[in-house]
Amino acid sequence: MKLLLLISLVLAPFCLALGIVLPLARFETLYVFDQSPSLVAIIVNLASDQDWVLAAIVLVVSIIFPLLKMLVMVARALDMVPAGGRAGRALPHLARWSLMDVLLVAIVIVAAKTGGIASALSQSGLWFYAGSAVLAVIAHTLLDRVGPAASRTPRDPARLAPQAVAPDRPAD
C-alpha cells in the first residue's frame, strides 16, 4: 500500500504537468481547419478574448487547485503538515473542487461535438490529465489509510495517565 501511495504521489504531478501542456483535444471545424489546444492555451485564449472570469475559473479549478492538492498530499505523506492543521483540513475541500477540472474539459469537448460544425478527438493531454486526477484520488485515499498521519491516532488522555495500583494489603 505504501508503494502504491509513493507511486501515485510521484506520477500524479508528472501526469498533471503533461496534461496541462499537451494538447487536450483536436477540434476539426468543417473538416478543413483543426486546432489542438492545451489547457494553458485555452486559458490564454479565454483571457485574450476578454473572458477574464471564465479564464480565472478554469485556471483556479483546473491548475491551481490540483497543484495545491498534490502539494498538501506530499507534505502530509512526508509528515511536514499535521492532518488536523490548516493545510490538512483544506485537503478534502481541494480534492472536492479540483475534480471539477475533468468536468470542465468534458464540457468543452461535449460542447464542441454537439455544436454540429466540429468534431473533437481526444489527445494525449486529456488522458494524462485524467490520469492525474485518478492518481490523485488514489493517493488521497491511501494517504488517509497508510500515511504517517493515519498511523498516529489521537490518544485518550485518561489512557495515558498512570493507573492507580490497588495495594495488595489494606492500608494501616
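In which helix is Ser-132 found? Ser-132 is found in helix 6. The views below show a predicted model, in which local features need pLDDT of at least 70 and side-chain atom pairs count only at pLDDT 80 or more, while totals for chains, interfaces and linings use all residues. Residues are numbered from 1 along each chain as its sequence is written, and side-chain values use heavy atoms, with hydrogens and water left out.

**View 1. Confidence along the protein chain.** The protein chain has an average pLDDT of 75 (pLDDT is the predictor's confidence in each residue, from 0 to 100), and 69% of the residues score at least 70. Among its elements, the highest mean pLDDT, 90, belongs to helix 1 (residues 2-21), and the lowest, 46, to helix 8 (residues 157-160). Helices (H or I, at least four residues) and strands (E, at least two) are DSSP runs, numbered from the N terminus. The pLDDT is below 50 over residues 151-165, a stretch with three contacts in the model beyond near neighbours in sequence; contact means heavy atoms within 4.5 Å. Where pLDDT is low, the predicted coordinates should not be read in detail.

**View 2. Helix 1 against helix 6.** Helix 1 packs with helix 6 (residues 124-146) at an angle of about 150 degrees, and their axes are 7 Å apart. Axes are lines fitted to C-alpha atoms, for helices over the stretch in contact, and angles run from 0 to 180 degrees between N-to-C directions. Helix 1 is therefore roughly antiparallel to helix 6 (angles over 145 degrees count as such). The residues of this contact comprise 18 nonpolar, four polar and one charged. Ala, Val, Leu, Ile, Met, Phe, Trp, Tyr, Cys and Pro count as nonpolar, Asp, Glu, Lys and Arg as charged, and the others, Gly among them, as polar.

**View 3. The surroundings of Ser-132.** Ser-132 is buried (under 20% relative accessible area, with a 1.4 Å probe and protein chains only), its own value being 1%. Leaving aside residues up to four places away in sequence, Ser-132 touches Ala-12, Cys-15, Leu-16 and Met-70.

**View 4. Helix 2 against helix 3.** Helix 2 (residues 39-48) and helix 3 (residues 52-77) cross at roughly 160 degrees, and their axes come within 7 Å. The two helices are therefore roughly antiparallel to each other. Leu-39, Ile-43, Leu-46 and Ala-47 of helix 2 make the contact with helix 3, whose residues there include Trp-52, Leu-54 and Ser-62.

Definitions and conventions. Parallel < 35°, antiparallel > 145°, perpendicular 65-115°, else oblique. Buried < 20%, exposed > 50% of the residue type's maximum accessible area, 1.4 Å probe, protein only.
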